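Visitor: I would like to learn how to read the packing of a model, step by step, with the coordinates open beside me.

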Amino acid sequence: MRNILKIIILAAISAAFAIVAEQLVATAASVFWQREIVLESYMHITWFLALSAVIEEISKYWAIYFVIRKNFGIEKMKFVVASLLLGAAWGIFEIGLVLFSDQNSLAAFRYGNREILFSFAAIAALHALTAFLMGVFISAGTFSGKFKQLKILFFPVLIHLLFNFLLIQKSNFTNFLIIFSLGMFLVIGISILAFKAKKLA
């Protein structure tokens with residue numbers, strides 16, 4: 001129970017760190033291009049969508065590998081579950097921040113707008129999935145050698161990039177692609193777990 005509370009707090013800290021880093025980048029961009037970049041506009045800027053995915057996944061990796069792995073004394077399947085919990089809490093924290101900072105999203109959420117509900121469910125699923133994959137890769141020892149950390153980050157960042165670009169398109173077909181891509185990578189993670197079941201038992 002104590003570890004669960006620690007993981008939830010860690011998720012909030014790492015998410016806040018990522019958000020601060022994104023805001024610093026947005027501020028630097030505002031100064032460089034001499035135009036204000038705020039939440040409503042930078043969500044439509046291609047390079048920022050890419051950069052935010054990298055920042056958020058690095059922040060999540062830091063929490064999973066350098067804090068949970070090295071300090072919580074849990075490993076194997078418990079470590080995978082802890083990673084999944086951190087990702088889910090990360091997503092919920094991000095959704096809460098959106099609701100707190102955007103009155104339009106809050107109003108749509110209160111009225112049960114299908115589009116906003118799908119977006120929020122997809123955000124929670126995305127962060128849970130990417131954290132789950134990191135946990136699987138680390139615990140199962142999927143990657144080794146040079147650039148091991150970059151290899152672990154590659155698929156979570158790729159999924160996050162794909163998600164960001166699909167989410168802003170807002171159509172039934174892109175919603176289908178989001179569900180399909182998240183499901184496909186979930187199957188990959190579960191397959192690795194099944195293949196390494198003895199090692200992780």
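This is a predicted model: local features need pLDDT of at least 70, side-chain atom pairs count only at pLDDT 80 or more; totals for chains, interfaces and linings use all residues.

Visitor: How should I read a pair of packed helices, and what do H4 and H6 show?

Guide: Two packed helices are described by the angle between their axes and the distance between those axes. Here the axes of H4, residues 76–101, and H6, residues 114–140, come within 7 Å and cross at roughly 155 degrees. Because angles over 145 degrees count as roughly antiparallel, H4 is roughly antiparallel to H6. The crossing in which H4 passes H6 is right-handed, and the residues of this contact divide into 16 nonpolar, six polar and two charged.

Visitor: How do the axes of H6 and H7 cross, and which residues make the contact?

Guide: The axes of H6 and H7 come within 8 Å and cross at roughly 170 degrees, and the two helices are therefore roughly antiparallel to each other. On the H6 side the contact residues include Ser119, Ala122, Leu126, Leu133 and Phe137, while on the H7 side they include Ile152, Phe155, Ile159 and Phe163. By class, the residues of the contact of H6 with H7 divide into 15 nonpolar, four polar and no charged.

Visitor: At what angle do H4 and H5 pack?

Guide: H4 and H5 pack at an angle of about 110 degrees, with their axes 5 Å apart. Since 65 to 115 degrees counts as roughly perpendicular, H4 and H5 are roughly perpendicular to each other. The contact is made by Val98, Leu99, Phe100 and Ser101 of H4, together with Gln103, Ser105, Leu106 and Phe109 of H5; by class it has five nonpolar, three polar and no charged residues.

Visitor: Which residues of H5 are buried, and where do they lie around the helix axis?

Guide: In H5, residues 103–110, the buried residues are Ser105, Leu106 and Ala108. Seen down the axis of H5, these buried residues fall within an arc of 165 degrees, so they line one face of the helix. The buried residues of H5 pack against H4 and H6, whereas the face turned away from the buried side carries the exposed residues Gln103, Asn104 and Arg110.

Visitor: What can be said in the same way about Thr174?

Guide: Thr174 lies in helix H8, residues 172–195, and at 8% relative accessibility it counts as buried. Not counting residues up to four places away in sequence, Thr174 touches Leu166 and Gln169.

Visitor: Where does the backbone take a positive phi?

Guide: The general idea is that most residues other than glycine have a negative phi. Lys76 has a positive phi of about 55 degrees although it is not a glycine; Lys76 is found in helix H4 and, at 35% relative accessibility, counts as partly exposed. Phe147, also not a glycine, has a positive phi of about 60 degrees; Phe147 is placed in the loop between H6 and H7 and is exposed, with a relative accessible area of 59%.

Terms used
Residues are numbered from 1 along each chain as its sequence is written. Side-chain values use heavy atoms; hydrogens and water are left out. Axes are lines fitted to C-alpha atoms, for helices over the stretch in contact, and angles run from 0 to 180 degrees between N-to-C directions. Helices (H or I, at least four residues) and strands (E, at least two) are DSSP runs, numbered from the N terminus. Angles under 35 degrees count as roughly parallel, over 145 as roughly antiparallel, 65 to 115 as roughly perpendicular and the rest as oblique. A crossing is left-handed if the near helix is turned anticlockwise from the far one by less than a right angle, and right-handed if clockwise. Ala, Val, Leu, Ile, Met, Phe, Trp, Tyr, Cys and Pro count as nonpolar, Asp, Glu, Lys and Arg as charged, and the others, Gly among them, as polar. Buried means under 20% relative accessible area, exposed over 50%, partly exposed in between (1.4 Å probe, protein chains only). The arc is that of the directions from the helix axis to the C-beta atoms. Contact means heavy atoms within 4.5 Å.
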